[in-house]
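Q: Can we go through this structure together? I'd like to start with single residues and then move on.

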Amino acid sequence: MTTPTSAVPRAATAGRLSFDDDGAALTFTVNGRPIATYTYKPADDQYESPRPFFHPLTTLGGDEVTISRPWDHVWHKGLSWALPNVGRHNFWGGATYTRATEYANLDNNGAMTHGSFTGIDQSEAAITASESLTWTSQEGEPVIAERRRFRIQLLEEEAGGHAAGAYAILFETRMSNISGEEISIGSPTTEGRHNAGYGGLFWRGPRSFTGGTFLNQDGAGTDEFMGTRSPWIAFTGKHDGSCRSSTIAFVEDSGNPGAPNQWFARSSIFACLGSAPFFSAEVPLREGSPLMYRYAVVIADGGVDTERAQRLADAAQAALGSWA
């Protein structure tokens, strides 16, 4: 059932999952413990390209796996959809990289502004929010109309209904050009900077995750995964204090344009991972021809070997497939 948020009670429960809306953020809990907060009305400076974001995100066991506004890149916001080179606009934050200027502050930082939640869908082990947003230039002119959906869903890794400490954020965006002109979406790499193809659904990990390990179906490693293509990729890091491990896995919908797209994957300096559909080639966004991308981001307690990572990826891919 779809319920307009105007009629949704402040706290609603769907099985073990529940959510609370304080007017600026949705907070999702499992058995009363917060696992994900989605800030849809940020109070960020224009230079940071204000946009909705997930932070904090924690595992079901309570370990936090995101960082927001780190001092080195204050525009990094937990997990968010962010694009640095959208025609002349920057919806990533910070300086913009172009062939003509390299990195420079170009007074082009736009904003993704929440319009409304058109519905909240609830089932026994999942909650879906549907959202409308308008992307505007730094001057306030409309650039993109976005229809976004995301779903918080508990995962079952094993047969027999045994849940093994993981959930997924399913994410779907449909972007329509309303600027009145053709827009090409690219990245610093399409502007000439080597291996800097960031832009998409981007995750920034906690400081203690620096030096963690990436894994896909072909093996494990660190920074050599930058720019690679695979249906899924996982990252495992360790927490200070508890010394436990947690894993983040990105799974791409096979129906995405250009799938499998490249991944922006970094272990050294700081831990980050992101879908990067505009990594090495610009993609036109034409009026009347929307672009749609879908992903699953898995948050799991503990580390993974290839078998467990594949099991999580399969569960997430199945969830994407059944999420009409």
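Q: What kind of model is it, and how are residues numbered?
A: It is a predicted model, where local features need pLDDT of at least 70, side-chain atom pairs count only at pLDDT 80 or more, and totals for chains, interfaces and linings use all residues. Residues are numbered from 1 along each chain as its sequence is written, and side-chain values use heavy atoms, with hydrogens and water left out.

Q: Where is Asp 63?
A: Asp 63 is in the loop between β6 (53–57) and β7; strands are DSSP runs of E, at least two residues, numbered from the N terminus.

Q: Buried or exposed?
A: Asp 63 counts as buried because its relative accessibility is 7%. Buried means under 20% relative accessible area, exposed over 50%, partly exposed in between (1.4 Å probe, protein chains only).

Q: Which side chain does Asp 63 have a polar contact with?
A: That of Arg 244, at 2.8 Å. A polar contact is a pair of N or O atoms within 3.5 Å; within protein, one must be able to donate a hydrogen and the other to accept it, and residues adjacent in sequence count only if both atoms are side-chain atoms.

Q: OK, cores. Which residues have the most contacts inside the largest nonpolar one?
A: Trp 81, Met 175 and Phe 250, in a core of 56 residues. Such a core is a set of buried Ala, Val, Leu, Ile, Met, Phe, Trp, Tyr and Cys residues joined through side-chain atoms within 4.5 Å.

Q: What else is there besides that core?
A: A second, separate core has 20 residues, including Leu 215 and Ala 296.

Q: Which peptide bonds are cis?
A: One joins His 55 and Pro 56, with omega about -5°, and Pro 56 is in strand β6. Another runs from Ala 259 to Pro 260, with omega near -5°, and Pro 260 sits in the loop between β20 (245–252) and β21 (262–266).

Q: Why point those out?
A: Because most peptide bonds are trans, and most residues other than glycine have a negative phi.

Notes
Helix = DSSP H or I, 4+ residues; strand = E, 2+ residues; numbered from the N terminus.
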